[in-house]
Amino acid sequence: AYCVRSCQHITKLPDAAAALRTLHELKRHVDPILAARKWRVHKLYEVCCCTAGGKNTAVGGFCVAACDGSTAIRIALRLRAPRSHSLYSFEHCLATLLHELSHIVHQNHSAQFYELMEELGKQHSTVLKRGIVLDAKGIPVVGGQQLDSSRHNPASALAARDAALKAAEARRATGSIMGGGRLGGGGGEWKDRRPGELALAAAEARQRHWDAEHGLGEAELELMSFAQQEESGNVQLGSSGSSTSSDAVPASAAQALWGARGRGTWQQIGCPMC
């Protein structure tokens with residue numbers, strides 16, 4: 001079947017039942033997308049600062065793709081803030097999952113990757129509006145907007161200020177892409193680009209900014225790369241974390257893979273739960 005085949009949460013952490021409900025809800029939201037695209041996710045699971053795959057707290061999730069353009073062997077999501085273990089919002093987790101699903105096709109953060117991610121967001125909005133997404137009782141979840149991390153209603157004045165700061169940074173990033181030229185004047189490449197191209201560049205800049213702030217940047221790609229190598233058997237690590245492959249593996253690479261496997265003490269932080 002084209003769907004998320006299994007969900008696994010961390011049973012020892014607080015609010016474990018809520019975490020499992022989040023994974024199951026995520027599955028219900030993306031299963032229609034996977035079915036339409038004929039994609040599979042064999043395993044969707046939670047990682048944390050004190051468990052396998054979560055020791056590098058700079059990574060918010062990762063996808064181990066089968067590199068066939070349609071299958072994820074496993075997708076890991078950080079459902080909680082490190083150390084406090086407070087659960088992230090469902091919207092946060094869904095945005096991360098859509099990012100990881102895009103890695104089924106593109107194992108990079110190219111423009112094509114972000115175009116696909118934009119398509120998945122629009123597709124999610126469509127299945128919501130059509131009542132295809134069901135809740136835990138089998139009742140259609142109708143309505144909803146396409147995810148945009150900068151547009152959620154703030155819960156407090158502090159949250160509003162944080163949102164304003166993030167929006168300002170996004171505008172700065174967008175300005176750097178468009179050339180920063182004055183409207184109607186010279187000094188920017190924007191005037192040579194079509195409106196659709198400008199809109200796409202602005203959307204990509206906003207999404208890259210959100211991703212970088214939530215552990216979906218270069219560290220994620222490095223961990224993905226070596227986790228995929230381990231799955232394919234190209235890299236083996238001994239009990240001490242040293243490479244036993246015939247090919248020399250840099251120390252930084254061995255550390256990345258060791259962190260992906262959740263072994264040793266690499267980047268492990270003091271955790272009140274473990």
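Begin by selecting Glu 231 and Arg 74: the two form a salt bridge, with the closest N and O atoms 2.9 Å apart. This is a predicted model. The pair links distant parts of the chain, since Glu 231 belongs to helix α6 (residues 218-232) and Arg 74 to strand β5, 157 residues apart. Show the surface around each partner. Glu 231 is partly exposed, at a relative accessible area of 38%, whereas Arg 74 is buried, at 14%.

Stay with the salt bridges. How many does a search of the whole structure find? The search finds four. Side chains of opposite charge can pair when their charged atoms come close.

For another of them, select Arg 80 and Glu 46, whose side chains meet with an N to O distance of 2.6 Å.

Select β3, residues 44-47. In a regular strand the side chains alternate between the two faces of the sheet. In β3 both faces are covered: Leu 44 and Glu 46 are buried on one side, and Tyr 45 and Val 47 are buried on the other.

β3 runs parallel to β5, and four bridges join the two. Within β5, Leu 77 stands opposite Glu 46. β3 also pairs with strand β1 (residues 7-8), again in the parallel sense, over two bridges. To find a point of reference there, select Gln 8, whose bridge partner in β3 is Tyr 45.

Most residues other than glycine have a negative phi, and most peptide bonds are trans. Arg 83 has a positive phi of about 75°, although it is not a glycine. With a relative accessible area of 47%, Arg 83 is partly exposed.

His 85 is found in the loop between β5 and α2 as well. What is the phi of His 85? The value is near 60°, which is positive, in a residue other than glycine. His 85 counts as buried, at 2% relative accessibility.

Turn to helix α1 (residues 16-37) and select Lys 27 and Asp 31, which both lie in it, four residues apart, or about one turn of the helix. The two form a salt bridge in which the closest N and O atoms are 2.8 Å apart. Asp 31 is buried because its relative accessible area, 17%, is under 20%. Lys 27 has a relative accessible area of 22% and is partly exposed.

For the last stop, display helix α3 (residues 111-129) with helix α5 (residues 195-213). They pack at an angle of about 90°, and their axes are 10 Å apart. The two helices are therefore roughly perpendicular to each other. Which residues make the contact? From α3, select Ala 111, Tyr 114, Glu 115, Met 117 and Glu 118; from α5, select Leu 200, Ala 203, Glu 204, Gln 207, Arg 208 and Asp 211. Coloured by type, the residues of this contact divide into five nonpolar, one polar and five charged.

Terms used: Residues are numbered from 1 along each chain as its sequence is written. This is a predicted model: local features need pLDDT of at least 70, side-chain atom pairs count only at pLDDT 80 or more; totals for chains, interfaces and linings use all residues. Side-chain values use heavy atoms; hydrogens and water are left out. Buried means under 20% relative accessible area, exposed over 50%, partly exposed in between (1.4 Å probe, protein chains only). Two strands pair if DSSP finds at least two bridges between them. Axes are lines fitted to C-alpha atoms, for helices over the stretch in contact, and angles run from 0 to 180 degrees between N-to-C directions. Angles under 35 degrees count as roughly parallel, over 145 as roughly antiparallel, 65 to 115 as roughly perpendicular and the rest as oblique. Contact means heavy atoms within 4.5 Å. Ala, Val, Leu, Ile, Met, Phe, Trp, Tyr, Cys and Pro count as nonpolar, Asp, Glu, Lys and Arg as charged, and the others, Gly among them, as polar.
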